[in-house]
Amino acid sequence: MIRKTVTEVLEKGYNIVVVDDCSKDGSKKQVTGLPVYYLRHRVNMGQGAALQTGIDFAKKKGAKYFITFDADGQHDSNDIPGMIEFLEKEKVDVVFGSRFLPGSKTNVSRYRSVALNFGRYINFLVSGIMLSDSFNGFRLLSKSAAEKITLTENRMAHPAEFLLLTAEKKLKYREYPVAIHYSDYSRGKGLKNRDGIKILFEILLYKIFR
Amino acid sequence: MNITIIQVVLTICIALIAIYMYIRLRSGLFDVILIGLFFAVGIFFVLFPETTNDIAHFVGVSKGANLFLYTAILFLFFLILKLYSRLRRVEQKFTEFVRNKSLEEAEELDKKN
C-alpha cells in the first residue's frame with residue numbers, strides 16, 4: 001500500500017521522505033528501488049515523532065515546502081499542487097487540509113464525523129484555533145513554518161500541539177479542501193473512534209506539562 | 001498498654017523500610033540521622049496514635065488518621081507530578097537520540113550504498 005501511495009506522489013514530481021517508525025511489516029522492502037529518502041526509527045516513537053523526524057530531514061535537504069502525507073493511501077496526491085498554489089496565493093505559512101470544507105470528496109463515516117467534530121472543539125480549547133477538520137494529517141508548511149514548529153508530542157496529541165504552535169508563533173494559516181479516501185486498509189491502520197479518549201488524555205497532559 | 005495487631009504490622013513495615021533505605025543509601029551521617037528520625041517518629045505515632053489527634057485538632061481536622069490521609073494524598077499527588085514531568089523529559093531526550101540516529105542513517109533507496 002505504501003508503495004502505491006509513494007509512487008503516486010513521485011509521479012507528481014515531488015521529493016519524498018519516508019519515515020519508518022520501527023514498523024514490523026517490511027515497509028522498507030515495499031519502497032526499495034524507488035527514488036525516496038528512507039529514515040528509520042530504531043525504536044517505535046509514534047506518529048508525531050515520525051513527522052518531526054521527516055521535517056528535520058527535509059530541512060537539512062533545504063526543502064522549500066513541507067507536506068505531511070499519510071502513507072496509508074487516505075490522502076490524494078492530486079491535491080498537492082493546488083495546495084501549494086493556494087499557499088502562495090494567500091501568502092500564508094501553513095495550509096491545513098480539510099475533509100469538511102465544501103469541495104472536498106470524502107467518504108467519512110457518520111460516527112467518525114461526530115468524533116472529529118468533538119475533537120476540533122478540544123483542539124480549539126487548547127490552541128485557540130478553530131479548524132473545520134483539526135485531525136487531518138495532510139498539511140503544507142512553508143520553510144519559515146517548518147523552522148518555527150517543532151513537535152514534541154510523540155504520539156497522538158501532535159495535531160493539538162501543531163495548532164498551539166501555529167498560534168503561538170503567529171503563523172498565518174488557511175484551510176484547503178482535500179479528499180480523504182477511507183479504505184478497509186486505512187481503516188485497519190488508522191485510529192479507531194475509541195482512541196479518542198486516549199488522544200483526549202494525551203492532549204490534556206500536554207497542555208498541563210508542556 | 002495494649003498493643004494491637006495493626007500496630008505490630010506497621011512497626012515491622014516501618015522498620016523494614018528504614019532498613020531498606022539504610023542499605024540503599026548508607027552514605028553519610030546525615031542520611032543515617034534522617035532515617036533514624038523517620039523511623040522514630042513513625043514508630044512513635046504508631047504506638048501512641050492519640051498524639052496525632054492533638055496535632056489534627058490544632059489544624060482543624062477531627063482525627064489524626066484523617067490528617068495523615070490528607071497529607072499522604074497530597075504528597076503522593078505531588079510525587080506523581082514530579083515523576084511524570086521527569087518521564088516527559090527523559091522521553092524527549094530519548095526521542096532526540098533516536099531521531100538523530102535515524103537522520104544520520106538516512107538512505108536513498110534507489111542508490112546502492
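This is a predicted model: local features need pLDDT of at least 70, side-chain atom pairs count only at pLDDT 80 or more; totals for chains, interfaces and linings use all residues.
Tyr38(A) has Glu107(B) as its bridge partner in strand E1(B). Residues are numbered from 1 along each chain as its sequence is written, while chains are lettered from A and ligands numbered from 1 in the order in which they are written.

Strand E2(A) and strand E1 (residues 107–108) of chain B pair in the antiparallel sense over two bridges. Pairing here requires that DSSP finds at least two bridges between two strands. Helices (H or I, at least four residues) and strands (E, at least two) are DSSP runs, numbered from the N terminus.

Now take the contact between the chains as a whole. It takes 21 residues from chain A and 16 residues from chain B. Two residues are in contact if their C-beta atoms, placed from the backbone, lie within 7 Å. On the chain A side, strand E2 (37–40) and helix H3 (47–60) each supply at least two residues. The residues on this side of chain A divide into twelve nonpolar, six polar and three charged. In that count, Ala, Val, Leu, Ile, Met, Phe, Trp, Tyr, Cys and Pro are nonpolar, Asp, Glu, Lys and Arg are charged, and the others, Gly among them, are polar.

Chain A holds another open sheet. Four strands form it in the order E3-E5-E4-E6, with mixed pairing. Strand E3 (65–68) and strand E6 (173–177) of chain A stand at the edges with a single partner strand each, so one side of each is left without a neighbour in the sheet. The twist averages 20° from one strand to the next. Within this sheet, strand E4 (residues 94–98) of chain A pairs with E6(A) in the parallel sense over five bridges. Gly97(A) stands opposite Tyr176(A) in E6(A).

Helix H7 (residues 158–168) of chain A is mostly covered, with eight of its eleven residues buried. A residue is buried if 20 or more other C-beta atoms lie within 10 Å of its own, exposed if 12 or fewer, and partly exposed in between, with C-beta atoms placed from the backbone. Among the buried residues of H7(A) are Phe162(A), Leu163(A) and Leu164(A). Their cover includes H3, E4, helix H5 (110–127), E6 and helix H9 (195–209) of chain A. After H7(A) comes Lys170(A), whose phi is positive, near 55°.

Most residues other than glycine have a negative phi. Cys22(A) is not a glycine, yet has a positive phi of about 60°. Cys22(A) lies in the loop between strand E1 (17–20) and helix H2 (27–31) of chain A. Cys22(A) is partly exposed, with 14 other C-beta atoms within 10 Å. Lys91(A) also has a positive phi, near 50°. Lys91(A) is found in the loop between helix H4 (79–90) and E4 of chain A. With 9 C-beta neighbours inside 10 Å, Lys91(A) counts as exposed.

Chain B is divided into domain 1 (1–48) and domain 2 (63–105). These bounds come from an automatic or database domain assignment. The C-alpha centres of the two domains of chain B lie 27 Å apart. Helix H1 (residues 5–25) and helix H2 (residues 29–47) of chain B have axes that come within 10 Å and cross at roughly 175°. That makes H1(B) roughly antiparallel to H2(B); angles under 35 degrees count as roughly parallel, over 145 as roughly antiparallel, 65 to 115 as roughly perpendicular and the rest as oblique. The contact residues include Leu10(B) and Ile14(B) of H1(B) and Phe38(B) and Phe39(B) of H2(B). By class, this contact has 14 nonpolar, three polar and one charged residues.

Helix H3 (residues 50–59) of chain B is hardly covered: of its ten residues, the count of buried ones is zero. Just after H3(B), Gly60(B) takes a positive phi of about 95°.

Notes:
Axes are lines fitted to C-alpha atoms, for helices over the stretch in contact, and angles run from 0 to 180 degrees between N-to-C directions.
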